[in-house]
Each structure stands twice: as C-alpha cells, then as structure tokens.
Amino acid sequence: ADNLSEALKKLKITSTDSTADSLEGCLDCLLQALAQNNMETSEKILKSGVLQVFASLLTPQSSCTAKVANIIAEVARNEFMRNPCVDAGLIPPLVQLLNCKDQEVLLQTGRALGNICYDSHEGRNAVDHAGGAHIVVDHLRSLCSKTDPASEKLLTVFCGMLMNYSNENDTLQSQLINMGVIPTLVKLLGIHCQNAALTEMCLVAFGNLAELESSKEQFAYTNIAEELVKLFKKQIEHDKKEMIFEVLAPLAENDVIKLQLVEAGLVECLLEIVQKTVDSDKEDDIAELKTASDLMVLLLLGDESMQKLFEGGKGSVFQRVLSWIPSNSHQLQLAGALAIANFARNDGNCIHMVDNGIVQKLMDLLDRHVEDGNVTVQHAALSALRNLAIPVVNKAKMLSAGVAEAVLKFLRSEMPPVQFKLLGTLRMLIDAQAEAAEQLGKNVKLVERLVEWCEAKDHAGVMGESNRLLSALIRHSKSKDVIRTIVQSGGIKHLVTMATSEHVIMQNEALVALALIAALELVTAEKDLENAQLVQILHRLLSDDRSAPEIKYNSMVLICALIGSEPLQKEVQSMAFLEVVSKLRSHENKTVAQQASLTEQRLAVES
C-alpha cells in the first residue's frame, strides 16, 4: 500500500518531465496493485487525481502508452470509474491511439474503450463523439482474414468493444449497421469458426444487432444462415447452442432468411434436437426442446419456407411434425398444433390435410385437454382447426367428423385466447352451412354464452367474434327457431350495437342479420328492437356521408322491413326519414340510388 501511495504521488509530480524508467516503475506498481485488489486500488487512483495525468501520457510516441491504456482498462472494469474516466478527458486520446500500428497499444486501447462503454451512456456518447466506432470497424475489415493468434486476439477485443458500445442502444446499433459492419462480422465468423472466444463475440454482436429491422435486410444479403447452421452442427455444449439460438430467433423473423435457414439445413438440426431431448427430464434438455420446436414453428411462418417443408404433404418434415401431436410432451403438442396451423395457410394444404385425417388427430389432442387442460395447447389446436375450416370443401367434412361438438366442450373456458379461437372456429365452420348454423343457433347454452361474451369489454377480440357469430347463426340458418332463441337470450341489443361498429364488414353483417329478423320474426323481436333504438341508429347511418354504400343500402332494406311493425313504423314516421332517403336517390352508387327510390315509395305509401 505504501508503494502504491508513493507511486501515485510520484506520477502526479513527475508525469510531465520524468524519465521513461521512473514512469514505467510507477505504472508497474499500479498494475500490480490492481491485480491484487482492483476495486480498492481503483478508489485510491480516483482520489489521487491521477486520471487527469493519464490523458497527457496517452501519446503514440511514449513507450509507456500500452501500460497506461492497460491501467485504464483495468480501472474501468468498475462501474464507479467509467464516468470519471470520461470526465478526465481520456476518450479522445484513446480514440487517437486506435490509429497507431503497435499491436499491444491497439489491444489495450480497445480493452480500455470497451470497458468504459460497458453499461455507460456517457462512455458510449464520448466514444461516438470522438469517432471511435468508425476506426474500429475499419480495423475489423483489414484484420478480418488474418488468422495468427495476435490478430485473432485483437479482433476479439474489437468485437467486444463494438458490442459494449452498441448494446441496448438502437441509435448506435443503426450507426454500426450503416457503416456496413454486418457483412464484416459474418465474414469473420466464417474465417475464424475455430476460435471459440472470437465466434462467441461475433454471436453476441449479432444478437445485439439482429433485433433491428434494418439489420435483417443486410443479413439477408450475407451467408449468415449457412455459417450459423455450420457452427450449430459442431456444438456439443448447451450454452453454445443457446447463444446461436438467440441469434437465430430474431433473424428467422425475416422471410428471406427463413428460406435461407431452411435451405442451409437448420430444420434437420432442430428435428434431431427434438428427437434427442423429447424423453429427457434434464433442465437443459427441456429448454433445448422448447427452443428448437419454437424455432421450427417460426420457420413455418414464411410462405416460401412453409411450402418448401410441406412438399405437397409428402415432406418428411411435415410427417415428423404430425407425430408431435400425439406426443406426451406438452411442448411438442403445442409446437405440432402451431405448425399445422402454419401449414394450413393456403387452401391446397388445408384440403390435403383434412383428406389425410389431420382433423381426428387435433380432436384427440383437444380431448386430452378438456379438463384443466393446457391453455396454450387448447389455443393452438383451435387455431389449427379454424384455419383448416376456411376452404369451402372442408366445412362439411369437418362438421361430419364432429368438430363442432369437440369445440363446444370448451364453452366453459374462462381464458379469452381460447374463447376467441373457439368462436372463430365455429364461425368458419358454419359459413354457408345452413343445417349446422341452425343446429348451433338453437343451442341455448351456446347462445347464452355468446350473449355474455358480447359484453366482454376488456377483450375486444372476444366481444367482436361473439357478435359476428351471433349474426352468422342468423344469416346462414335463416331460421325462425334460431331467431327466437337469440331473442329469448337477449341477443338483439348486441346485434343493434354491432351495426354501429367501426368495421364496415361487421356493420354489414349486423344489418343483414337484423333484416332477416325483421322479415322472419318481427313481432317476436319488436320490443327488443325498439328498446335498442334501432330506428334512431338507422337514421344516423343514412344521414352520415361517411357510411359505406352497402351500409346505406342495407339500412334502407331494413327500414322497409321495420314498417311492418306498428310501434316501429311510428318511430320511422316521427324521424323525417323521407328527407334523408330522397337525397340518396341521386347517390353515385346505382344500387343505393335504386333502393332509395323504392324506400321512398314505401315510406310515402305508409305515411
């Protein structure tokens, strides 16, 4: 400790005019003390005011420069030292040293800058201001192909410095991307794949940059997919695989890179991991199984990559994914169902899968999760069934396979995501299927639950889907029994509210359903329509210039139907509908104009 105090004193006095030898001795003493107790020594250095002295010692001509930079690198390992290093003006001279040729000076300077930037906003700003990143990126480019140990060490330090510089800072990450650092880093990874420390630094740097959209476009022009898959195949340790996964996941969000990863053979690696880990209860294996199967599902979100793996339903990957559904692992059941939902994104695939018995597999899976089941698996299986029900030819097949009954078992669910998918699946199934719509529409339990969910203010999706299914039951069944069930369950007011939705498609569905109610069961629904103020709402829709032509048309059709009820007719007469309708006779849309003439005649007769 005495030696340290002595050295610090000496440094302050003699830094300007001392001989190189006495200076070297002082610096060695500091490095030794830092090696023994970094934190305590750093505090003493801070108190002594020597940091300001270091700025003047950081000159390319001095033989002590590398040692001074090494001391700065060591003290900056402590969080409390980073801002004082910036305040002491050390960043500009350090950045200047990046231009020198001496490898040891470059190495220690890179370390010093990297440590000052670590988790320090001020450090990063100062390095940015002094233009440090540019010089480091240039070094990476020129050293990229050198494989001697000294160059690789320097490359590792510079990668680490850029990583600390840009970590969690979008602006600085964008700056590095604009400097073109990505192709250089990908090249580095390819050339130095044998060097564990350097590949690790590259991976962390990729992980930093890959979150930004602009980086993915650049990555897509490199052979990153090939390099990462090559590297992945060599890994045995869980931690290393995990690091590569962390880069793959954000990159795989880009459709071009998805396809590149599939072509580079990533899928085979993932399937192998699943096979190895599926029966293990080791924590690492369980984590690896989850990551691998999640990534597999992500790759299937790209249209091209998905079709490539589907291979007309003959693909080995598709077959393997099918075998996940009956598995005992919840994670694999989930990934299998999500993968099917992704394969079911075009009609051809959906028709093929339904013809080849996929529906029974999904129903069996749902059956296993009815009682206190796994919500994510329920949600995924329902998503798959919903997508499969979109092509017209599949609807009747799925209905006769008992899908509606299987789905209704989840009516009790209190989970909004499950409720949402359940509603969507039923709505797809009954589209243009009159018999099924009638059967479901007479199911009092279902209709009561729908009316309840139409009030789910906290869950807009569930609320919207419930309204749409109520309307669909009427539109597709055109059944008096269904209308009576909906009236008795209190559903009318929700259909009237739906007519005021901000979505034209929902408004329209509501108006068509209401017109059917008025045509088929006006007396039964009369009171509810009056209480829900339907006539006032129709007046508003017809007066509003922003209403779509089909909304105006269907509102007038509905008005004509409502006149058949005495109380509703009185309301219509009291609200000056004739004025509004006669204006619409000159509407630019011919169908609207024609309906306006018809409606005007009907209103004139009734008045």
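**Close-up 1. E168 in the loop between α11 and α12.** At 72% relative accessibility, E168 counts as exposed, a word that stands for over 50% relative accessible area, whereas buried means under 20% and partly exposed lies in between (1.4 Å probe, protein chains only). The residue E168 sits in the loop that runs between α11 (149–166) and α12 (170–178); helices here are DSSP runs (H or I, at least four residues), as strands are (E, at least two), and they are numbered from the N terminus. The phi angle of E168 is near 55°, a positive value in a residue other than glycine. This is a predicted model, in which local features need pLDDT of at least 70 and side-chain atom pairs count only at pLDDT 80 or more, while totals for chains, interfaces and linings use all residues. Residues are numbered from 1 along each chain as its sequence is written, and side-chain values use heavy atoms, with hydrogens and water left out.

**Close-up 2. A432 in the loop between α29 and α30.** The loop between α29 (416–430) and α30 (434–441) holds A432, which is exposed, with a relative accessible area of 61%. Phi of A432 is near 65°, and this is a positive value in a residue other than glycine.

Close-up 3. For residues 357–389 the span is 76% helix and 0% strand, with end C-alpha atoms that lie 14 Å apart. The axes of helix α8 (residues 103–117) and helix α9 (residues 121–129) come within 7 Å and cross at roughly 135°, where axes are lines fitted to C-alpha atoms, for helices over the stretch in contact, and angles run from 0 to 180 degrees between N-to-C directions. From α8, L113, I116 and C117 meet G123, R124 and V127 of α9, contact meaning heavy atoms within 4.5 Å.

**Close-up 4. Q307 in helix α21.** Helix α21 (residues 303–310) contains Q307, which is partly exposed, with a relative accessible area of 34%. Not counting residues up to four places away in sequence, Q307 touches N346 and N349. Between Q307 and Q319, which are 12 residues apart in sequence, the C-alpha to C-alpha separation is 14 Å.

**Close-up 5. S383 in helix α26.** S383 has its place in helix α26 (residues 375–388), and with a relative accessible area of 7% S383 is buried. Leaving aside neighbours within four places in sequence, S383 is in contact with A341 and K421.

**Close-up 6. Q218 in helix α15.** Q218 is found in helix α15 (residues 213–220) and, at 24% relative accessibility, counts as partly exposed. Q218 touches I177, G180, I182 and P183, not counting residues up to four places away in sequence. The C-alpha atoms of Q218 and V50, which are 168 residues apart along the chain, are separated by 45 Å.
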